[in-house]
Amino acid sequence: MKKVLFILAIIFFFNCNTTSEKNKKEDQNEKVNVSKDQINFDRYIFNTIEDTKEKISLEKDKKYILDFWYLECAPCIQQHQEIKKHQAKLADNNIEVIGISIDMSKKRWKEYLEKHPKKWLNYNQYFEDYDLKDDLEIKLFPAYYFINDEGVIIEKFNSFQKVITYLKL
């Protein structure tokens, strides 16, 4: 009888582990909307400064620089001046900057943008079901992703100056 119970316990244990492993694989498959090469923006919702929620739409034949930042990141804030300085050159080359803040306080983010208006789109993505920063596994800030009109990731940077150097502007 003890042997039977022991065998049943082992079968139960391995069955639980198999189920757990299956669930882990399903969780990993959830990230199919962001590969290492392309972002599917249909999955993500972003907060706007006007207190609305919207998805990012990419225009045909345009390239984009996604600027991932937050208020407590001094280099992020400093590099906004660099973005501002190169705004006209970027526009001349059909490149648009899209700021994506990860600030937990939408109120502080909004107040900052009202005091320091930007000429490029800025969104906040916090407390949303799907988090682009997490799906891209961004750990260092600022982070800049240069993408095309289909969301294909062309290059990644941690300095706006490196973006400008890469683009030869």
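Tutor: Buried means under 20% relative accessible area, exposed means over 50%, and partly exposed lies in between, with a 1.4 Å probe and protein chains only. This is a predicted model, in which local features need pLDDT of at least 70 and side-chain atom pairs count only at pLDDT 80 or more, while totals for chains, interfaces and linings use all residues. Residues are numbered from 1 along each chain as its sequence is written, and side-chain values use heavy atoms, with hydrogens and water left out.

Student: Is Glu150 buried, partly exposed or exposed?
Tutor: Helices (H or I, at least four residues) and strands (E, at least two) are DSSP runs numbered from the N terminus, and Glu150 sits in the loop between strand S6 (143-147) and strand S7 (153-157). Because its relative accessible area is 45%, Glu150 is classed as partly exposed.

Student: Which residues is Glu150 in contact with, leaving aside its neighbours within four places in sequence?
Tutor: Contact means heavy atoms within 4.5 Å. Ile39 is 111 residues from Glu150 in sequence, yet their C-alpha atoms are 8.0 Å apart in space. With neighbours within four places left aside, the contacts of Glu150 are Gln38, Ile39, Leu58 and Lys60.

Student: With which residue does Glu150 form a salt bridge?
Tutor: A salt bridge is a side-chain nitrogen of Lys or Arg within 4 Å of a carboxyl oxygen of Asp or Glu. For Glu150, the closest N and O atoms are 3.8 Å apart, and the partner is Lys60.

Student: How many residues apart in sequence are the parts that the pair Glu150 and Lys60 ties together?
Tutor: Lys60 is exposed, with a relative accessible area of 60%. Glu150 lies in the loop between S6 and S7, and Lys60 in the loop between strand S2 (53-54) and strand S3 (63-69), so the pair ties together parts whose separation in sequence is 90 residues.

Student: Why are Glu82 and Lys85 separated by about one helical turn?
Tutor: The side chains of Glu82 and Lys85 meet in a salt bridge, at 3.1 Å from N to O. Glu82 is partly exposed at 22% relative accessibility, whereas Lys85 is exposed at 58%. They are separated by about one helical turn because they are three residues apart in helix H2.

Student: Is His80 buried or exposed?
Tutor: His80 belongs to helix H2 (residues 74-92), and its contacts beyond four places in sequence are Asp67, Trp69, Tyr112, Lys118 and Trp120. Because its relative accessible area is 1%, His80 is buried.
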